[in-house]
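Subject: Handover of a structure

Dear colleague,

Please find below the structure that I am passing on to you. My notes on it follow directly after.

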Amino acid sequence: MPRKVLLWAVVMTAVLAAVPLIVHDTFYLRVLTEAVMWIALAITWDVLAGYTGYLNFGHGAFFGLGAYTTAILMGHAGWPFPLAVAAGSVLAAVAAFVAGMPTLRLKGAYFAIATWALARAVQQVALILEITGGPDGMRLPPFLHPQFFYYAMLSVTAAVFFLLWYLLETAPFGLKLKAIRENEAGAMALGLNPARIKIQAFILSACPAGIIGGIYAYWITYIDPASTLGDLITDQAVVMAVFGGLGTLIGPVLGAIVLFAFKTYFWAYLSDYQVLYLIILGALIAFSVVFLPEGLWGSILSCTAKRPQLSKAFHPLETKKEAPEVPNA
Amino acid sequence: MLLLPQAIVDGLLIGGIYITIAIGFSLAYGVMHIIDFAVGEWIMLGAFLGYYLNQWFGWEPFLFLPVIFLAFYIVGFSLQPLIHRVLSGRRGNPVLMGLVFTFGLALMFRGLALTGFGFFSRSISSALAEGSWFFQSGNFFVTIPVIRFAGLSYALAVTLGLHYLLKKTDFGLAVQALAQHKESAGLMGINAKRVSSHVYGLYVAISAMTGTIFGCIFSISAQMGPDLTVFAFFVVVLAGMGYLAGVPWAAFLLGFVQSFFLIYLSPAYTLLAVFAILYTILLISPTGLFRKGV
């Protein structure tokens, strides 16, 4: 199964890379760029939530950190784009390390609330500071080249996907994370160092989000605390990952594609009913938690999985049938 | 310095409302271990029910509190089986699945409210909103708006009522037993599902009533939910999750933080301070100021 999925992922990436050669409509390219961005955010969120069992409700803060770092370095210091994005990703990684050290000691719901509070605090700081432009946000020099941004997003997302695939699905690192998710004390008893592994997972999840944020800032050319550091970034990533299936890499990708396609369709054709989107989104999360606890991909897997077949020589049910019935008195 | 008495009184008056925002939430967490991201939305929905009842009948909003209580009690009571299903699922990490579930509910309620009530904000008109008491001695003076005093009285009444219910009745005993140990409580003949449904109904009803009071004092809008969720989380975490006796102190602390920032610093820093304190407390003592949380 994993081999087959990996093959599909390679084919998908190749197809996506070929799209701009055929499609010249900038609208569709723009939609695809954003879809790829959400795939990256959903899978990086899933590293910590699905594999390690720590719900990070502040994922958007790393995205915003990358975006703001890129914007400040390009706008105020005049750095070139690749350097600024690299600086943003390094800063996101450092922030994950510094914030993760104390925060990752918290368990379950406490961790969720703490990361959420931290992300909202970062948003408040961006609203107050001078250098970030406060509530007015920041503008970047426009660079109108849709293909460039499409390929930038796609290459980063593909690189992140295959790196995570290697680390989580084939290397022992994924097993270590799952061990922590299932039983942290047990993992420690096996000789693992949960504190270190959790920090590694946190950085692995935060750093790509910073890169994606940096590309997003330069692509959209305008960022402000409400749109870039607000709850909505985290919320959508969470919804996509949960709807697609936590604890897998394919699940969040699937969830991101389905939900983003839905969202785009909604905004394009039903824009008069924009708030309806919130209702449907909320109902979808609640529905999938209650009725599809494994997510879309998990349900597909459990439907198609081959049930173990018992050989005819040993079939306890058959022998039971042949047992003589006890006649009624 | 002249404003100090006013800052303290304001803190007390605002803090009173925060007790009732958080106390039901803390009760629900203590019994069912659910973190309800929708707490702010319940308050918002209650506020709008109060607003429309007030518009239609034109009576004093405080008179509608029993109606709101009953309506939302039924809603919460009938919603609980779904939450029970999520929390007792076979998938690992049921607490986190509960968190995600209520998060979905919150989005849905916010969307429904925005569709039904629109984006603009309004306030519930109450006859009490006009009066205020003024005290002066020497250079110090204090103003107490009647409506805020009524809000504080409501909060204290709810707190005392809940205290009576939990400490003096059989139902309260069952709730305490359930919070202590679910399986043992079941062995003693307590219907965990039924009691949890009542607790959830109680929590939703208290939050909704608070919404109406909130709407009389401040203004209400369909987007106000997340901010109230922030305050509820702050109070409950500081008090210790599930530790009801800590809630009033934490709520007054939040009231003081807010009134002092408003008077002495800039209101722009209030939310930052709230998040910073919340985060620091979680790191230093995740079980709250009194170290009594679960």
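In this predicted model, T229(B) belongs to helix α9 of chain B, which spans residues 225-239. T229(B) has a relative accessible area of 2%, and because the limit for a buried residue is under 20%, T229(B) counts as buried. Apart from neighbours within four places in sequence, the contacts of T229(B) are F37(B), V39(B) and G40(B).

Chain B also holds the lining of the largest cavity: L13(B), I14(B), I17(B), Y18(B), R148(B), I217(B) and F218(B). Helix α1 of chain B (residues 4-32) contributes the most to this lining, with four residues. The volume of the largest cavity is about 40 Å³, and the count of cavities of 30 Å³ or more comes to one.

Turning to chain A, V98(A) is found in helix α4, residues 81-103. Its relative accessibility is 53%, so V98(A) is classed as exposed. V98(A) is also part of a nonpolar surface patch, together with V90(A), V94(A), F97(A) and M101(A). The accessible area of these residues together is about 450 Å².

Another exposed residue of chain A is L175(A), with a relative accessibility of 61%. L175(A) sits in helix α7 of chain A, residues 172-182. Between L175(A) and F149(A) there are 35 Å in space, taken from C-alpha to C-alpha, and the two are 26 residues apart in sequence.

Yours sincerely,
A colleague

Terms used
Residues numbered from 1 in each chain as written. Chains lettered and ligands numbered in written order. Predicted model: local features only at pLDDT ≥ 70, side-chain atom pairs only at ≥ 80, totals over all residues. Heavy atoms only, no water. Patch = residues over 30% accessible without salt bridge, like charges linked within 9 Å, V, L, I, M, F, W, Y side chains within 5 Å. Areas by Shrake-Rupley, 256 points an atom, 1.4 Å probe, with all protein chains shown as cover. Salt bridge = Lys/Arg side-chain N within 4 Å of Asp/Glu carboxyl O. Helix = DSSP H or I, 4+ residues; strand = E, 2+ residues; numbered from the N terminus. Buried < 20%, exposed > 50% of the residue type's maximum accessible area, 1.4 Å probe, protein only. Contact = heavy atoms within 4.5 Å. 1 Å grid on protein atoms, 1.4 Å probe; cavity = no way out; pocket = protein on both sides within 12 Å on 5 of 7 lines; lining within 4 Å. Points joined across faces, edges and corners; volume = space filled by probe spheres on them.
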